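Here is a short briefing to read alongside the model. Keep the 3D view open and find each residue as you go.

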Protein chains: 2
Amino acid sequence: MSLDPDLEAPRGVPAVRHRVVKVRDHAASECQDHLAVEEPLEIRLGGVNLSVTMRTPGDDEELVAGFLFSEGIIGGADDLDVIARYRGPDGDPDDSNVMNVLLKGDARVARERLRRNFVASSSCGLCGKATIDAIRAALPPVKSDLVITIDRVTAAMHDAQSTFEKTGGLHAAGLFDADGRLVVLREDIGRHNAVDKVIGHMVLARGVPLDRHVLMVSGRVSFEIVQKALTARIPVIAAVSAPSSMAVQMALAADMTLIGFVRNGGFNLYAGAHRVVPGVAELV
Amino acid sequence: MSLDPDLEAPRGVPAVRHRVVKVRDHAASECQDHLAVEEPLEIRLGGVNLSVTMRTPGDDEELVAGFLFSEGIIGGADDLDVIARYRGPDGDPDDSNVMNVLLKGDARVARERLRRNFVASSSCGLCGKATIDAIRAALPPVKSDLVITIDRVTAAMHDAQSTFEKTGGLHAAGLFDADGRLVVLREDIGRHNAVDKVIGHMVLARGVPLDRHVLMVSGRVSFEIVQKALTARIPVIAAVSAPSSMAVQMALAADMTLIGFVRNGGFNLYAGAHRVVPGVAELV
């Protein structure tokens, strides 16, 4: 039983460097952090959009082949004619997050082979270069004068965390108001569902927009979590783990505050540091 | 900063009991384990399928409202007419995993409000009572005489884990052959993507079906992971964490071996225990 590096050695996962504000014991310092890269991939079948997935770039041909196989669209490599990266208007395929698939058989027949809850997405522009700009146009930046203290961030997470830990590995999301009170907490086997349930609770209670609230999540922060928070106008997201590259891009573009690695009384600030102040006084 | 139990006390997440075989120090014993419940939820808009998501049951109205809000279909509660659980042919709404939404405005207009990569699913029967049976019909059980020893399971995970730990929280999936050699390992910010990349690698290498392979995953095992493995005819899945209720149901129905909590030389067997034998000899 051994890892054979000659077979398929695990390679490094793409990461980007990002300057963060590190807060420890009420002292802030700047440092470099590495963010796991998250980017959309659009799969087209015969030029027609089939699916958009958020993924870490790399091995995209394998991702496409595995996805098509898992969904029953192909039965093996023999059904594939070509998997090619889409060459955009600027002719540079390396920048493209679009993969086009041609099958040997009839693509229409292949589409009908889909046997279950196949996830099909409308074309969205999410995979283009102008992603963040497009979303920024659709969703203007948050406007919130909410300011929170370092103590409030760590205390809120401490409270949330003690509940998170009871979930046995499920994802949890909690919403805190400007006074630091937990308003609603939901758990789910799906990370996005927990956030949807929290925001849905406030929608049904006619509590949106949430422009003076803080969203806490138990795990990592993906692009989609930031987008959900932005739609609800939540100015501050705090998480136990790290954000993805695209989550940080999105938070910066929307003037949101993004806090990660809230642990042991400290945390990292990835975006919107202006909303977090060192004072222990009740500023809110 | 405090949890106010009077506001919205966190409740227990639904769990089901399942008899597992616990393996510790080469000794097996039977015990009860709790599985987090995972079930599909289909959201219909005006009776027409809009989306299927795997979720933990509970607060389904909130999930629906939050999803519609996040996707830009509703701007608030005022746009909602009713969110009602679909009453199936047998008239029992409690068993239904289908929620139907009626909007106050024109649903067609609402659909056009979708502003980005909206995930729409074709109707699939996944939410019906006959889910597992329907999938079993479409995907027959695995047929594999693969037998692995306890030592091989723990050694393979030890090897995989040492690589998983370098990923800094990303999801990883590794495929081992019958001799316990790692064939391919992939990491991704998305759990399903890592599995798709591994299987896609084998599809492109004309290596499917994988009926004498073991799939290792770094986190939890969801229904979708089991389904992907079953499509590739992988007889054994081993994971660092727990499987969901529906993952276990699916593995049992497909005669797959499902191993969880592979840690410190031990593990739990949730399904297909007949493929794991105590011997330390090379049985494969």
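A:Val37 sits in the loop that links strand 2 and strand 3 (39-45) of chain A; helices (H or I, at least four residues) and strands (E, at least two) are DSSP runs, numbered from the N terminus. Is A:Val37 buried or exposed? With 7% relative accessibility, A:Val37 counts as buried (buried means under 20% relative accessible area, exposed over 50%, partly exposed in between, with a 1.4 Å probe and protein chains only).

This is a predicted model, in which local features need pLDDT of at least 70, side-chain atom pairs count only at pLDDT 80 or more, and totals for chains, interfaces and linings use all residues. Residues are numbered from 1 along each chain as its sequence is written, chains are lettered from A and ligands numbered from 1 in the order in which they are written, and side-chain values use heavy atoms, with hydrogens and water left out.

**Around A:Val37**

- Leaving aside neighbours within four places in sequence, A:Val37 is in contact with A:Pro14, A:Ala15, A:Val16, A:Arg55, A:Thr56, A:Pro57, A:Ser245 and B:Ile189 (contact means heavy atoms within 4.5 Å).
- A:Val20 is 17 residues from A:Val37 along the chain, and their C-alpha atoms are separated by 16 Å.

**The sheet of chain A**

- In chain A, 8 strands make an open sheet with mixed pairing, in the order 2-1-14-13-12-11-9-10 (two strands pair if DSSP finds at least two bridges between them).
- Strand 2 (27-36) and strand 10 (182-188) of chain A are at the edges and have a single partner strand each, so one side of each is left without a neighbour in the sheet.
- From one strand to the next, the twist averages 25 degrees (axes are lines fitted to C-alpha atoms, for helices over the stretch in contact, and angles run from 0 to 180 degrees between N-to-C directions).
- Strand 9 (residues 171-176) and strand 11 (residues 214-217) of chain A are antiparallel partners, joined over 4 bridges; here A:Ala173 stands opposite A:Val217.
- In which sense do strand 12 (residues 236-239) and strand 13 of chain A pair? They pair in the parallel sense over 3 bridges, and A:Ala238 stands opposite A:Ile259 in strand 13.
- Strand 13 of chain A is mostly covered, with 5 of its 7 residues buried.

**Helices on that sheet**

- Helix 6 (residues 191-204) of chain A lies across strand 9, strand 10 and strand 11 of chain A, and runs at about 145 degrees to strand 10.
- Helix 8 (residues 245-253) of chain A also packs on the sheet, where it touches strand 1 (15-24), strand 2, strand 13 (257-263) and strand 14 (266-271) of chain A. The direction of helix 8 makes about 65 degrees with that of strand 14 of chain A.

**Helices of chain B**

- Two packed helices are described by the angle between their axes and the distance between the axes.
- Helix 7 (residues 223-231) and helix 8 (residues 245-253) of chain B pack at an angle of about 25 degrees, and their axes are 7 Å apart.
- That makes helix 7 of chain B roughly parallel to helix 8 of chain B (angles under 35 degrees count as roughly parallel, over 145 as roughly antiparallel, 65 to 115 as roughly perpendicular and the rest as oblique).
- On the helix 7 side, B:Phe223, B:Val226, B:Gln227 and B:Leu230 meet B:Met246, B:Ala247, B:Met250 and B:Ala251 of helix 8.
- Helix 6 of chain B is mostly covered, as 11 of its 14 residues are buried; among them are B:Val195, B:Ile199 and B:Met202.

- Most residues other than glycine have a negative phi, and most peptide bonds are trans.
- A cis peptide bond joins A:Val208 and A:Pro209, with omega about 0 degrees; A:Pro209 lies in the loop between helix 6 and strand 11 of chain A.
- In chain B, a cis peptide bond joins B:Val208 and B:Pro209, where omega is about 0 degrees.
- A:Asp255 is not a glycine, yet has a positive phi of about 55 degrees. A:Asp255 lies in the loop between helix 8 and strand 13 of chain A and is partly exposed, at 32% relative accessible area.
- B:Asp25 has a positive phi near 50 degrees and is found in the loop between strand 1 (15-24) and strand 2 (27-36) of chain B. At 70% relative accessibility, B:Asp25 counts as exposed.
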